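User: Hey, can you walk me through the pockets in this one? I've got some follow-ups after that.

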Amino acid sequence: MTALKSKRTDGIDWRAGLTKTRYVILGKEADKGLIFRAFIYLVLIDVAYIYLNPILFMITTMVKNSQDLLDPAVSWVPRAIYTGVLQDAWTKLKYPSAFTISAILSLTIAVLQTVSCAVAGYAFARLEFPFKKTLFFCLLLTFIVPTQVVILPNLIAASQLGLMKTYIPIVVPALFGHGLKGALFVIIYRQFFSTQPKELEEAAKIDGANVFKIFYKVMLPLAKPAILVVFLFSFVWTWNDYYLPSMYLNGVKEVPLSMGISQISAVLTQQAAEFGPSIFDEPLKMATSFLIILPPLVLYMFTQRWFVEGVERTGLVE
């Protein structure tokens, strides 16, 4: 017993051996954890490069001068920074006025869809009314059927009502929870409200609250993650939407930024047919694209953390 408590018969401390073995095991686990983290970082860097590569190429191309554009050795890093193409794109886009139109239009539609889709989503999640399943099936059809399929009757109706070349046909559907991707926003709200405990509504009913008060006082304040997700989705998709403005605003001088790049591309194509192509045609398109996507990128930079949390809490990733 005395020999076991102190040392083994061969003169080696058995406690020191256990300690050494423990350190070896912990060291192997740490190495495995380090390798796993390195692998994760490598995957994330590769994915980030795939998404950032077009933006980086866009930026490096639009700041090249004529010598760098003609030199095949200059691929990514230009020898000198040339801002003339960016200034030309700013002028051709009429950026201040076009930016104002895009911002007002996107904000208006985003606010209207955020509110109206919340009401519809709460009704589908919590209320019982006739033909509920049938109406929800019709809602899914509006999400599945492409906009191009129903654009012709919409154009005919807008023309008969004298609403062509106005923003009313684009804004009014958002007031009723429809518009661009409106069905998806209703589904997001429905998913979120369905996960909330029913005890909250029951307690509000005991206190004498009706359906409208329960929605605005109890459920809507809890839906901040869903509100943020729907607002950002609606804003960005409206900002980038070219199809609807090109249908309803054809021939209008003051147009959103999403239509500016197509107009500039048409002008460049016409000039190339008459006078021949220019080496600055491609950088000019890159500059106009960069000016269009810059505001949503800045917006996402400031709201990234809340946006990711909102997506997780609304169950959109499930």
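User: Which residues lie nearest the centre of the largest pocket?

Analyst: Keep in mind that this is a predicted model. Thr147, Asn154, His178, Gly179 and Leu244 lie nearest the centre of the largest pocket, out of 31 residues that line it.

User: How much space lies in there?

Analyst: About 760 Å³.

User: And which helices supply at least two residues of that lining?

Analyst: Six names to look up: H6 (132-144), H7 (147-160), H8 (168-175), H9 (182-194), H12 (224-240) and H13 (243-248). The largest share comes from H7, with seven residues.

User: What does the lining of the largest pocket look like by class?

Analyst: It has 21 nonpolar residues, eight polar ones and two charged ones.

User: Which residues line the second largest pocket?

Analyst: Tyr51, Leu52, Ile55, Leu297, Tyr300 and Met301. By class, the lining of this second largest pocket divides into six nonpolar residues, with no polar and no charged ones.

User: Switching topic: where does asparagine 65 lie?

Analyst: In the loop between helix H2 (14-62) and helix H3 (66-70).

User: Does that make it buried or exposed, and why?

Analyst: Asparagine 65 counts as buried because its relative accessibility is 17%, and the cut-off for buried is under 20%.

User: What does its side chain reach?

Analyst: The side chain of asparagine 65 reaches the backbone nitrogen of aspartate 68, at 2.9 Å.

User: And which residues does asparagine 65 touch, not counting those up to four places away in sequence?

Analyst: Ala80, Tyr82 and Phe280.

User: Zooming out, how many helices and strands are there in the chain?

Analyst: There are 15 helices and zero strands. The chain has 318 residues, and buried ones make up 32% of them.

User: What about contacts between residues at least 6 apart in sequence: what share joins residues at least 24 apart?

Analyst: That's 74% of those contacts.

User: Last one: what does the accessible surface of the chain come to?

Analyst: About 20300 Å², and 68% of that surface belongs to carbon and sulfur atoms.

Methods. Residues are numbered from 1 along each chain as its sequence is written. This is a predicted model: local features need pLDDT of at least 70, side-chain atom pairs count only at pLDDT 80 or more; totals for chains, interfaces and linings use all residues. Side-chain values use heavy atoms; hydrogens and water are left out. Helices (H or I, at least four residues) and strands (E, at least two) are DSSP runs, numbered from the N terminus. Buried means under 20% relative accessible area, exposed over 50%, partly exposed in between (1.4 Å probe, protein chains only). A polar contact is a pair of N or O atoms within 3.5 Å; within protein, one must be able to donate a hydrogen and the other to accept it, and residues adjacent in sequence count only if both atoms are side-chain atoms. Contact means heavy atoms within 4.5 Å. On a 1 Å grid over the protein atoms alone, a cavity is a set of points where a 1.4 Å probe fits but cannot get out, and a pocket is an open set with protein on both sides within 12 Å along at least five of seven lines; lining residues have an atom within 4 Å of a point. Grid points are joined across faces, edges and corners, and a volume is the space filled by probe spheres set on the points. Ala, Val, Leu, Ile, Met, Phe, Trp, Tyr, Cys and Pro count as nonpolar, Asp, Glu, Lys and Arg as charged, and the others, Gly among them, as polar. Accessible areas come from the Shrake-Rupley method with a 1.4 Å probe; for residues, only the protein chains shown count as cover.
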